[in-house]
Amino acid sequence: MIKSLSLLTRKPELSAEAFRKVWTSEHAPLVHAVKGVRRYTLSFPLTEPTRPDVATLEVGRQVDAIAELWYDDMDAMRKAAASPEMKTVTDNGALYLAAIKTYITEELTII
């Protein structure tokens with residue numbers, strides 16, 4: 001499985017509650033129309049625990065949500081990314097995002 005994992009930061013004029021509402025009720029349904037997406041999850045951070053034995057990685061901005069999209073393989077991800085449906089998704093996201101950092105990962109299930 002290939003996964004796109006994105007750290008999302010909301011525009012400053014949006015409250016955390018407003019961002020969560022728009023992301024779950026307006027933005028997320030648009031992802032359903034994108035062929036090739038096998039799974040889509042949103043995670044909203046509650047706390048940021050630290051460890052005394054390891055330095056904390058500084059992201060530079062507060063992360064308001066983490067979006068994960070799963071694909072069968074890189075080809076499926078490329079096709080989805082080039083689709084008009086994904087353009088609708090990214091155009092909508094641009095209305096609400098101040099910043100985004102995306103990682104393309106290969107997911108290995110351990111448990």
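What do the buried residues of α2 pack against? The views below, taken from a predicted model, work towards that.

**View 1. The open sheet has four strands in the order β2-β3-β1-β4.** Pairing here is antiparallel. Strands of a sheet pair through backbone hydrogen bonds, either parallel or antiparallel. At the edges you'll find β2 (39-43) and β4 (97-106), and each has a single partner strand, so one side of each is left without a neighbour in the sheet. From one strand to the next, the twist averages 15°.

**View 2. Here β2 meets β3.** Strand β3 covers residues 65-71 and runs antiparallel to β2, with five bridges joining the two. For a landmark, pick out S43, which stands opposite I66 in β3.

**View 3. Helix α2 lies across β1, β3 and β4.** The helix takes in residues 74-81, β1 is 2-10, and α2 runs at about 115° to β3. Zoom in on the start of α2 and you'll see D73, where a side-chain oxygen reaches to within 3.2 Å of the backbone nitrogen of D75.

**View 4. Helix α2 has a buried side and a face turned away from it.** A76, M77 and A80 are the buried residues of α2. Looking down the axis of α2, these buried residues fall within an arc of 100°, so they line one face of the helix. An α-helix has 3.6 residues a turn, so residues three or four places apart point the same way. Turned away from the buried side of α2 are the exposed residues R78 and K79. And back to the opening question: the buried residues of α2 pack against β1, β3, α3 (84-94) and β4.

Methods: Residues are numbered from 1 along each chain as its sequence is written. This is a predicted model: local features need pLDDT of at least 70, side-chain atom pairs count only at pLDDT 80 or more; totals for chains, interfaces and linings use all residues. Side-chain values use heavy atoms; hydrogens and water are left out. Two strands pair if DSSP finds at least two bridges between them. Axes are lines fitted to C-alpha atoms, for helices over the stretch in contact, and angles run from 0 to 180 degrees between N-to-C directions. Contact means heavy atoms within 4.5 Å. Buried means under 20% relative accessible area, exposed over 50%, partly exposed in between (1.4 Å probe, protein chains only). The arc is that of the directions from the helix axis to the C-beta atoms. A polar contact is a pair of N or O atoms within 3.5 Å; within protein, one must be able to donate a hydrogen and the other to accept it, and residues adjacent in sequence count only if both atoms are side-chain atoms.
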